[in-house]
Amino acid sequence: MADKGEIAARIAALQAEIAALEKQLGPQVSPLAPKGGFPALPVIDGVRFAAVAAGVKYQGRLDVMLAEICEGAAMAGVFTTSKTRSAPVLACQESLATIGTARGKFAILVNSGNSNAFTGDAGWEGVHATRNAVGAALGIDAGNVFCASTGVIGVPLPYARITAKIEELVTALSPAKAEEAARAIMTTDTFAKGATTTVKLGGDTIRIAGFAKGSGMIAPDMATMLVYIFTDAAISQPLLQGMVSRLNARSFNAITVDSDTSTSDSLVMAATGKSGMAPITEASDPRAAEFEAALGGIMRDLAHQVVRDGEGATKFVEVNVTGAESDADAHTIGLAIANSPLVKTAIAGEDPNWGRIVMAIGKSGAAAERDKITIRFGDILVAENGWVAPSYTEADGAAVMKRDEITINVDLGLSAGAATVWTCDLTHRYITINADYRS
């Protein structure tokens, strides 16, 4: 009979063999992916897309996308506040700061496989070279080019591979290539993420469409991913920026996969004004609220898709916190629960370990009183009045944990503060992906 050492060695060998096969076959699509696949995004008048394989890191896969946006569009964006943010992020922030003086068309250039982050002067060299190449090819100011890079940190961007493809990208531009663009920005993503909606504003039908990438290194600090959203609505730049910033707090800043924030997070939105509608220039215009609600749906949809594609994820988890002293406290407690490795691994193991929820509330630093806390798994009352609820059974809790989608409800019984955070479980697959990320 084999001893424990032999058994452990065999298990390790099998795990290594499985990891090698997974790497060879490529990532399997997340079990939480939308069943319908990538949606059919509508053409947004005033926007054209293209994507190419430039070999930034891997050969034979789309890894650079270009979007051309018509003159007169309103541009808005939010970006990571990381202290080690990349040169492309800093360049985009500079462009957005001068948006009021920008003239001519705009462009978005994104590469995957290399984040061009923590690369010193070489990072700026890559930014200038690629933006200048796009500007020259499209006949626009280089400052009107919003660039982004995603992938490995600390490796100089082989930007010559990108600039060599700019003419090919410009030639291939088409209003119907949004899906190709979405696939070109993927890194460890297992599926391309898109969302679209239409909204009636007065007598005009307005289209909104967007796509995103994100799977790991996902935590609130702006967008925690790359996101690009387009609409044919006519809306002033200040109003659009205000909407994006507000909605960001309730979508991309309310998700977490692993509590780590990227150096490259960027969200850029363009409103082309090509719908023919009268422009929205005042917040008091009733169409402004209707448009913001529709945009919020798109941003929340894309944020949820990122969580559903969390590296190794098998469970989609919603954490609702109510009764807090403030919305900020509720958000803090929600994140403490959603980011806890102990909570997330319990969920992965389908263990209704509600004590870990109690632990996370207590460690958050936000106001809480033990005997006023109520915890529910879905509609199952788990704990109240400082202890487990008399009606609760482990069988009921375990049944909830077997679901693909789980809701954790916490009421603090203090005041009216509330927040919702979305996360996923933490599985061994997450370790496998990230232990082997650079090879």
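1. Basis. The model is predicted, so local features need pLDDT of at least 70 and side-chain atom pairs count only at pLDDT 80 or more, while totals for chains, interfaces and linings use all residues. Residues are numbered from 1 along each chain as its sequence is written, and side-chain values use heavy atoms, with hydrogens and water left out.

2. Cavities. The structure has 3 cavities of 30 Å³ or more. A cavity here is a set of points, on a 1 Å grid over the protein atoms alone, where a 1.4 Å probe fits but cannot get out. Grid points are joined across faces, edges and corners, and the volume is the space filled by probe spheres set on the points. The largest cavity holds about 70 Å³.

3. Lining of the largest cavity. There are 13 lining residues, and Asn111, Thr130, Cys147, Ser149 and Leu157 lie nearest the centre; a lining residue has an atom within 4 Å of a point. Two or more lining residues come from each of strand 4 (106-114), helix 3 (120-138) and strand 5 (145-152). Helices (H or I, at least four residues) and strands (E, at least two) are DSSP runs numbered from the N terminus. By class the lining has 8 nonpolar residues, 5 polar and no charged. Nonpolar covers Ala, Val, Leu, Ile, Met, Phe, Trp, Tyr, Cys and Pro, charged covers Asp, Glu, Lys and Arg, and polar covers the others, Gly among them.

4. Aromatic pairs. The whole structure contains 5 aromatic pairs, defined as rings of Phe, Tyr and Trp (its six-membered ring) with centres within 6.5 Å; planes under 30 degrees apart are stacked, over 60 edge-to-face, and the rest tilted. Phe106 and Phe146 have ring centres 6.5 Å apart and planes at 45 degrees, so this pair is tilted. Phe106 belongs to strand 4 and Phe146 to strand 5, 40 residues apart. Both Phe106 and Phe146 are buried, where buried means under 20% relative accessible area, exposed over 50% and partly exposed in between (1.4 Å probe, protein chains only).

5. Phe211 is in strand 7 (residues 204-213) and Phe230 in strand 8 (residues 226-231), so the pair ties together parts 19 residues apart in sequence. Phe211 and Phe230 are buried. Ring pairs link Phe49, Phe211, Tyr228 and Phe230 into a cluster.

6. Charges over rings. The criterion is NZ of Lys or CZ of Arg within 6 Å of the ring centre and within 35 degrees of the ring normal. Lys193 lies over the face of Phe191, 4.5 Å from the ring centre. The charged end of Arg308 sits over the ring of Phe316, 4.2 Å from its centre.

7. Cysteines. The search finds 0 disulfides, a disulfide being a pair of cysteine sulfur atoms within 2.5 Å. For Cys92, the nearest cysteine sulfur is that of Cys147, 4.8 Å away. Cys92 is buried at 1% relative accessibility, and Cys424 is buried with a relative accessible area of 1%.

8. Positive phi. Most residues other than glycine have a negative phi. Asn116 has a positive phi near 50 degrees, and Phe118 has a positive phi near 55 degrees. Asn116 is buried at 2%, whereas Phe118 is exposed at 67%.

Conventions:
On a 1 Å grid over the protein atoms alone, a cavity is a set of points where a 1.4 Å probe fits but cannot get out, and a pocket is an open set with protein on both sides within 12 Å along at least five of seven lines; lining residues have an atom within 4 Å of a point.
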